[in-house]
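This report covers backbone geometry, helix packing and domain contacts, in that order.

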Amino acid sequence: MLKIIHPYILKHQERFVAELFNLLRIPSISADKSYRQDVFRTADFVKQQLINAGADHVAIMPTAGYPVVYGEKLIDPTKPTVLVYGHYDVQPADPLNLWDSLPFEPQIRDGKIFARGACDDKGQMYMHIKALETLLQTQQLNCNIKFMIEGEEEIGSDNLEKFVQQNTDLLKADVILISDTGIISNDCPSITVGLRGLSYLEVEVTGPKRDLHSGLYGGAVANPINVLCTMIASLKNENNHITIPHFYDDVAELSAEERALMNEAPFVLEDYKKALDIEEVMGEEGYTTLERVAIRPTLDVNGIWGGYIGEGAKTVLPSKAYAKISMRLVPNQSSAKISKLFAAHFKSIAPKSVKVKVTPHHGGEPAVTPTDTKAYKAASKAFECTWGKTPIPMREGGSIPIVNLFERTLGIKTLLMGFGLDEDAIHSPNESFRVENYLKGIETIVQFYKYYSE
Ligand code: BES
Ligand code: MN
Ligand code: MN
């Protein structure tokens, strides 16, 4: 059990949790238009919380999509400035029937907060607002802080590039601080130093112009679902290498030393399999599980549909089949280039009996963050102080498009100081966040500012 020692956090911990609950109750699902009002309401809530915590110039800044909530506490222009980024939108809660309690009615069970967004990223984002409150109420703040909390991260942050470009002065900072990643475990804290990029596309395969009786036509006309499955299956070979020509051209290969080092991170394959209830792992030959999820690109089907999926059976040869396909990218792959390669290849492998349409969704570039910076060192010391252990640097497989964007447009490096655990099940049913990680995270952020402004 992690022990909180900061007196202010100890004293106010119940309120800190209660406030997070109020934030978690608003279903800010950015992917689903029917939640539009709720997403805007969440921005208002975040704005009010920033004001309550003591931030100045708090504003809802519109974009072509959901707004960015901005706030700042500038105490001294000669002191360094930290720009905190987070997101107030969440993933859809589906499949609802697999939740043990309702996704937008947070509940604590076994010391964990269960709710969509508990960890990703409402819980982790809110820690920063409570850290600001703590610093101000205890007169500990010794540098400048800016907040930029967006509402479209889970749908690819498409409007952020323009926002960042239009607000370069406002966003000026010495470092970007983000808590939207995880640590290896509470026994082994880590600091994330790499994220994968993403290409996300939707494919539509059309066979005959209308659904057909599968008895009258079956066997003579292409079934687009069958064809789609065959096409998808051909995208990887027997070694689980991706077969799209030139897919690996830009992949940065790590040195043997770098690979050896990353495989020293604590990882027990048996525990990993047990936690997922799988007999065996599966992935690209020649790489360990740790490497497969951090330094290698992937291709996965996220959803596939078509034909009849209602109750009972219907004998139909469908006209159309669809799939949502994503590729995780590593340095130095480019999301736009990979999307193009995919589209060209996918069309090229389609048999003449079907038509194929490929529609790109969103993307994001991979990122690597430095360890030889004042910010990284301050974060390392902060973890030593609160976790009692030196965190180890670790690359993670998820994506946060803004990290690369900040570096490209503002020239600012990011520090990824996250507090999530694998058990948090982000994007899954029963997402959770340990109360102790939430409170300990606030404390670690407070410590970070102390060391960073020394
Ligand atoms: N917070 C996650 C990304 C993450 C989680 C990175 C854990 C490292 C460790 C973020 O909210 C997310 O889910 N991003 C999306 C990308 C986006 C473009 C849809 C993702 O990775 O699928
Ligand atoms: Mn997130
Ligand atoms: Mn997410």
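Asn 332 sits in the loop between strand 13 (320-329) and helix 9 (335-348); helices (H or I, at least four residues) and strands (E, at least two) are DSSP runs numbered from the N terminus. The model is predicted, so local features need pLDDT of at least 70 and side-chain atom pairs count only at pLDDT 80 or more, while totals for chains, interfaces and linings use all residues. Residues are numbered from 1 along each chain as its sequence is written, chains are lettered from A and ligands numbered from 1 in the order in which they are written, and side-chain values use heavy atoms, with hydrogens and water left out.

The bond joining Pro 331 and Asn 332 is a cis peptide bond with omega of about 0°. Another cis peptide bond runs from Asp 94 to Pro 95, with omega near -10°. Pro 95 belongs to the loop between strand 3 (81-87) and strand 4 (107-109). Ser 157, which is not a glycine, has a positive phi of about 50°; its place is the loop between strand 6 (144-150) and helix 4 (160-166). Most residues other than glycine have a negative phi, and most peptide bonds are trans.

Axes are lines fitted to C-alpha atoms, for helices over the stretch in contact, and angles run from 0 to 180 degrees between N-to-C directions.

| Pair | Axis distance | Angle |
|---|---|---|
| Helix 1 (residues 7-24) and helix 12 (residues 435-452) | within 11 Å | roughly 120° |
| Helix 3 (residues 122-137) and helix 12 | 8 Å | about 50° |

Helix 1 is therefore oblique to helix 12, where angles under 35 degrees count as roughly parallel, over 145 as roughly antiparallel, 65 to 115 as roughly perpendicular and the rest as oblique. Contact (heavy atoms within 4.5 Å) involves Ile 9, Gln 13, Phe 16, Val 17 and Leu 20 of helix 1, and Val 435, Tyr 438, Leu 439, Ile 442 and Glu 443 of helix 12.

Helix 3 and helix 12 are likewise oblique to each other. Among the residues that meet there are Tyr 126, Met 127 and Ala 131 in helix 3, and Tyr 438, Ile 442 and Tyr 449 in helix 12.

The domain assignment, from an automatic or database source, gives domain 1 (7-195 + 366-453), domain 2 (197-250 + 299-364) and domain 3 (252-296). The centres of domain 1 and domain 2, taken over C-alpha atoms, are 35 Å apart. Twelve residues of domain 1 are in contact with ten residues of domain 2.
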